[in-house]
Amino acid sequence: MSGLSSTLTERLSTGVQTPPAALPRLLSGIQPRGALTLEQHLAVHGPVPSDAAARGRRRARERASMLVDEIERAGLLGRGGAAFPTATKLRTVAAAGTRRRAVVVANGAEGEPASLKDRTLLESLPHLVLDGAILAAQAVGTEEVIVCVCESAGAGIDSIARAIEERAAAGSERSRGLRLETVPSHYVAGQESALVSFLNGGSAKPAFTPPLPFERGVRNRPTLVDNIETLAHIALIARHGARWFRELGTPSQPGSALVTVSGAISHPGVYEIEHGAPLSTLIEAAGGATARVHGALVGGYAGSWIAGRLLSGVALSNEHLASHGASLGAGVVLLLSADACPVAESARLARWLAGQSTRQCGPCVHGLDALASTLEELAGGIAGARVGTRIGQLTALISRRGACGHPDGALKVILSALDVFEAEFAEHARHGPCAACSRAPELPLPELPLSDPRIRESEGRR
């Protein structure tokens, strides 16, 4: 097992041979339809290193510490969008949990309309997610795991529920601490403080912090909120070690990641990439572009646009994407064809993002609405001569003023579009709508505005 450190080999060995470093990793064994059963999952990945020998609290703490050390050596960063070091998060919650038992929240509340990566894991590979969640629970000294899934993800809900039942039927002691919760299908409902609020019986709204969830989260207990792709990586690192994990990727961003490719592409879907791989290879793997590409949205609807002419030189790592003002974020690459109107698409996106406000912060409620109106006026050619000044004023009003990252994310993607598609916006300001404005939209967006009463219910209590 050359991919394991000597310490992990001595203490956590399971007899499972280290697999080749090549892809796929997370997507190993995935089927065209349906989820892997527990038996099939174990046939692909083998068992998780057992804690049967960890008798007593001291031994259990030692093993938990060893796993966190291995995750740190692996350099695993969170896959929910912020890319925060996973080991740091685990240690922080574990330290807080010495005073009061912690809770682990497996965050599968994928509100990003352009992403399907978490839904794919939930629907097809639920046991890999549960393995990681249970290991994270061990690392922070608890048994309680709450798996959160969007209420609109019917197949994902069914898949996780069956996987928990399978483990209970197999006599797994750890299955007793697993619980499934469905959460509102809203863009910001997956933000960690919004999840905690909902799980505590409130509305799925982000909370002003501090305290942070690791300090006082679910039932005021220290709470680890981790994206389910992050947890799936933990399940593999526990089996195969840090050295194996680092055989792919870059020094600063090791390993692989799931990316949802959509838009002007032959085979849209979820692909597993090595960090640092050229974007061109991902496009080729997805069958190639179906039209000339005018730009690519990278990272999702809180991400950044990159001009089509630059895409051949783009590599998929945050270190490289930073030079384009972008990051992998929620693991999204969306190709916009040259047939689409980027101005009309941006105005539509801005209006949708404004509609996703939970209406508790003035800069978000009023600022995003005003920004969407300004873009709609630009698209219609009625914005006026001082539109640039107005956008600058709105930027100052919105930036870093909300309880969560939603207003800043919305501002980022809109300002990026104004920069990358500057010529098109200027043309619309002078001459009004273009012929492409009447085409069917290319950006995937739910048509319904914010309407979930569980999100709005607390407005009357404020």
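So, the lining of the largest cavity: its residues split into seven nonpolar, four polar and one charged. Here Ala, Val, Leu, Ile, Met, Phe, Trp, Tyr, Cys and Pro count as nonpolar, Asp, Glu, Lys and Arg as charged, and the others, Gly among them, as polar. Among the lining residues are Val188, Arg359, Cys361, Cys364 and His406. A cavity, by the way, is a set of points on a 1 Å grid over the protein atoms alone where a 1.4 Å probe fits but cannot get out, and lining residues have an atom within 4 Å of a point.

Quick word on the source: this is a predicted model, where local features need pLDDT of at least 70 and side-chain atom pairs count only at pLDDT 80 or more, while totals for chains, interfaces and linings use all residues. Residues are numbered from 1 along each chain as its sequence is written, and side-chain values use heavy atoms, with hydrogens and water left out.

Okay, rings. The whole structure has three aromatic pairs, meaning Phe, Tyr or Trp rings (six-membered ring for Trp) with centres within 6.5 Å; planes under 30 degrees apart are stacked, over 60 edge-to-face, the rest tilted. Tyr187 and Trp352 make an edge-to-face pair, 5.3 Å centre to centre with 75 degrees between the planes. Tyr187 is in the loop between β3 (178-183) and α8 (192-199) and Trp352 is in helix α12 (residues 342-355), so this pair ties together parts 165 residues apart in sequence. Helices (H or I, at least four residues) and strands (E, at least two) are DSSP runs, numbered from the N terminus. Both Tyr187 and Trp352 are buried, which means under 20% relative accessible area with a 1.4 Å probe, protein chains only.

Methods: 1 Å grid on protein atoms, 1.4 Å probe; cavity = no way out; pocket = protein on both sides within 12 Å on 5 of 7 lines; lining within 4 Å. Buried < 20%, exposed > 50% of the residue type's maximum accessible area, 1.4 Å probe, protein only.
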